[in-house]
Amino acid sequence: MAFRSLFKKGRSNGIKILSLGVGLAMGLILISKVIFEFTYDDFFPDKERIYRVMSNYTMGDGSEGEYWNLSGGVAPGMKREIPEVEIATRYTSFGDMVFKTPDKNKYKGRFIFADTCFLMFYPYLFWQVM
């Protein structure tokens, strides 16, 4: 009886079911996004001791923003001047590049220019490289 009454004229139950399905799907997507944001750095040991320094800027028209790339002297300066800083590293990402191997395979990758403390800071990457 309930199934027959779902599609009776003038009740627009199809729209209600569709909107309920879309709402549930969006809710699941938002929940998974929040869970990802809180757990994406769980593989770092002592993750609560890691900080990222960013710079804030204000444009001439009054708009504000954040920029994650700092000048090269900030990391060594922080390590030298602040005794609580144990390791400071910096890197500059150099865009997406296409690499070709001698056997004509193509790989898309990204160059990263980093200082000597980079692999000490990321132990997971250190063991992958060694």
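What share of the contacts in the protein between residues at least 6 apart in sequence join residues at least 24 apart? The share is 20%, where a contact means heavy atoms within 4.5 Å.

## Basis of the model

This is a predicted model, in which local features need pLDDT of at least 70 and side-chain atom pairs count only at pLDDT 80 or more, while totals for chains, interfaces and linings use all residues. Residues are numbered from 1 along each chain as its sequence is written, and side-chain values use heavy atoms, with hydrogens and water left out.

## Overall architecture

The protein contains five helices and four strands, which follow the order α-α-β-β-α-β-β-α-α from the N terminus. Helices (H or I, at least four residues) and strands (E, at least two) are DSSP runs, numbered from the N terminus.

Of the 130 residues in the protein, 8% are buried; buried means under 20% relative accessible area, exposed over 50%, and partly exposed in between (1.4 Å probe, protein chains only). The protein exposes about 11600 Å², of which carbon and sulfur atoms supply 63%. Accessible areas come from the Shrake-Rupley method with a 1.4 Å probe; for residues, only the protein chains shown count as cover.

Tyr91 has Ala114 in S4 as its bridge partner. Five residues lie between the strands of this hairpin, in which Lys104 adopts a positive phi near 70°.

## Glu64 in strand S2

Glu64 belongs to strand S2 (residues 64-67). Glu64 counts as exposed because its relative accessibility is 66%. Leaving aside residues up to four places away in sequence, Glu64 touches Tyr57 and Thr58.

How values were computed. Two strands pair if DSSP finds at least two bridges between them.
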